[in-house]
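Please read the following report alongside the sequence and the model. It is written for someone meeting this structure for the first time.

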Amino acid sequence: MPTIQELTERFRADRFAALAGVEIREAEPGRALCAMALQDCHMNANNTPMGGAIFTLADFAYAVASNGFTEQIIVSQQVSITFLAPARGKVLLAEAACLKSGRTTCLYAVDVWDELGTYVAHASVNGFAVKAPEKK
């Protein structure tokens with residue numbers, strides 16, 4: 001099973017999340033906890049985290065949970081996110097958990113909150129396993 005350091009190196013290829021400052025805190029098959037320290041570039045005109053920044057964190061946590069421990073490539077097929085409250089803290093956390101995993105599809109729940117306990121968003125992600133590229 002890969003370590004957090006190995007997963008971090010692997011997912012560094014997700015350049016957008018890496019630029020956003022997303023980090024992997026915990027991971028195991030079907031579950032991941034990721035964090036993002038909020039910066040000025042994450043804020044909207046109301047000085048709260050932009051929905052896209054929150055979505056990026058949620059999507060990345062799902063990616064780590066679903067892809068981090070398998071040879072398959074799992075992509076997002078459909079995502080629904082509900083924004084519940086503006087973050088009040090300085091760090092966002094997202095926990096992705098597998099609810100159901102089959103041969104080609106999966107369903108994950110992703111909860112996002114800040115370090116003060118504000119429940120910021122909930123996402124539901126349907127994933128689909130695509131054929132992995134052949135190794136050369």
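What follows describes some strand pairings and then turns to the cysteines.

The model is a predicted one, and the description begins with strand 6, which covers residues 119–130. Strand 6 pairs in the antiparallel sense with strand 3, residues 73–83, over ten bridges, and within this pairing Ile74 has Ala129 of strand 6 as its bridge partner. Strand 6 also pairs in the antiparallel sense with strand 5, residues 105–114, over nine bridges, and here Cys106 has Gly127 of strand 6 as its bridge partner. Strand 5 and strand 6 form a hairpin with four residues between the strands, in which Gly117 takes a positive phi near 95°. As a general point, the side chains of a regular strand alternate between the two faces of the sheet.

The cysteines can be considered next.

| Cysteine | Closest cysteine sulfur | Relative accessible area |
|---|---|---|
| Cys34 | in Cys98, 15 Å | 0% |
| Cys41 | in Cys34, 17 Å | 57% |

Because a disulfide requires two cysteine sulfur atoms within 2.5 Å, the 15 Å between the sulfur of Cys34 and that of Cys98 is too far for a bond. The sulfur of Cys41 is likewise too far for a bond, because the closest cysteine sulfur, in Cys34, is 17 Å away.

Notes. Residues numbered from 1 in each chain as written. Predicted model: local features only at pLDDT ≥ 70, side-chain atom pairs only at ≥ 80, totals over all residues. Heavy atoms only, no water. Pairing = 2+ DSSP bridges. Helix = DSSP H or I, 4+ residues; strand = E, 2+ residues; numbered from the N terminus. Buried < 20%, exposed > 50% of the residue type's maximum accessible area, 1.4 Å probe, protein only.
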